[in-house]
Amino acid sequence: MENAPAAATASVRRSRDVPMLVERARAGDHRAVARLITLVENGDDLLREVAAALAPYAGQAQVVGLTGSPGVGKSTTTNELVRALRARGHRVGVLAVDPSSPFTGGAILGDRVRMQDHATDPGVYIRSMSSRGHLGGLAAATPQAVRVLEGAGCDVVLVETVGVGQAEVEVASLADSTLVLLAPGMGDAIQAVKAGILEIADVFVVNKADRDGADATYRDIQGMIALGERAAGQWRPVVTRAVAARGEGIDDIAAAIDKHRDWLVEHGELRRRQEARAAAEVEAIALGVLRARIGSLRDGTELPSLAAKVAEGAIDPYAAADELLAQLGA
């Protein structure tokens, strides 16, 4: 991490000079990166300026998502992947999303505690993010935070989701390659063919492979993949084994990611995924603006008036929605 006097550090932490922050972030100043992500997370008035400043660096980092149920070893695997990527000379960014309390809104943000091995490495930036109630396994600000890390010159960005269930698959729309981590004892073979999270994997990692049942889990996943229909040349998910707590199998995971990256480039799928990711970002921003405008209408008379008409049966909710959108100019 770049050394700087305390006064300069405080200046960066409070700075609202976006061009300066981006310049320092690209030079490896972790404080500038932290400040930019904070602006993104808080939905600051400078967010549009931040996005404009980062736009030229879009698509320059390999984005890898890691997801799976609670306790499968996502943070430990992420930690070991960082070690392997640094051994290759890559600059690595990590976004670790932690669940927030539905009552207080707070989060422990403990994933980075498991990655203290890299705390003093200037080539690694680790940021814990609270989900802030956002569903899907990520935080609402995660896509823009990825852009910050791309702008900061990261070669690889690892995005670790909260502990997820079968339906939280948002990471697949954000990542170039998605790793789904499993552990022995996940359930019987029926669990392995259920729709949802298992369908988004580009690479499966059977972690804690030294435990009883690991071979059965491996076979179940291989069987599920064999049952799937895929066109000629379509990617066939790779299944690997690992004991991340001992650093075993990490090279196999890295090799599987490399293999998938090569396939993405060869088949033009990398560009397609990047464009799909951009489309999802644009849609989310547009919907956010519309929600804000609708919220402002609640303080007026139009929305309550329409609601009253729907409640008494004077108009149907679709007609009311059309009128509301007309008021918004949408």
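A: The following account treats the salt bridges and then the nonpolar cores.

This is a predicted model, in which local features need pLDDT of at least 70 and side-chain atom pairs count only at pLDDT 80 or more, while totals for chains, interfaces and linings use all residues. Residues are numbered from 1 along each chain as its sequence is written, and side-chain values use heavy atoms, with hydrogens and water left out.

A salt bridge is taken here as a side-chain nitrogen of Lys or Arg within 4 Å of a carboxyl oxygen of Asp or Glu. By this criterion, the whole structure holds 17 salt bridges. One of them joins the side chains of Glu 281 and Arg 147, with an N to O distance of 2.9 Å. Glu 281 belongs to helix 11 (residues 269-297) and Arg 147 to helix 6 (residues 142-151), so that distant parts of the chain, 134 residues apart, are linked. Helices (H or I, at least four residues) and strands (E, at least two) are DSSP runs, numbered from the N terminus. Relative accessible area describes the setting of each partner: buried means under 20%, exposed over 50%, and partly exposed in between, using a 1.4 Å probe and protein chains only. Glu 281, at 12%, is buried, whereas Arg 147, at 22%, is partly exposed.

Helix 11 also contains Arg 273, whose side chain meets that of Asp 202 in a salt bridge of 3.2 Å, N to O. Asp 202 lies in the loop between helix 8 (189-192) and strand 6 (203-206), so this pair ties together parts 71 residues apart in sequence. Arg 273 is buried at 16% relative accessibility, and Asp 202 is buried at 5%. Elsewhere, Arg 246 and Glu 248 form a salt bridge whose closest N and O atoms are 2.9 Å apart; Glu 248 is partly exposed, at 36%.

The nonpolar cores complete the picture. Such a core is a set of buried Ala, Val, Leu, Ile, Met, Phe, Trp, Tyr and Cys residues joined through side-chain atoms within 4.5 Å. The largest has 47 residues, and Val 33, Ile 37, Leu 149 and Phe 204 have the most contacts inside it. Its largest share, six residues, comes from helix 3 (residues 30-41). Beyond its neighbours within four places in sequence, Leu 149 is in contact (heavy atoms within 4.5 Å) with residues including Val 33, Ile 37, Tyr 125 and Val 157. A second, separate core of 29 residues includes Leu 81, Leu 179, Trp 235 and Ile 250.
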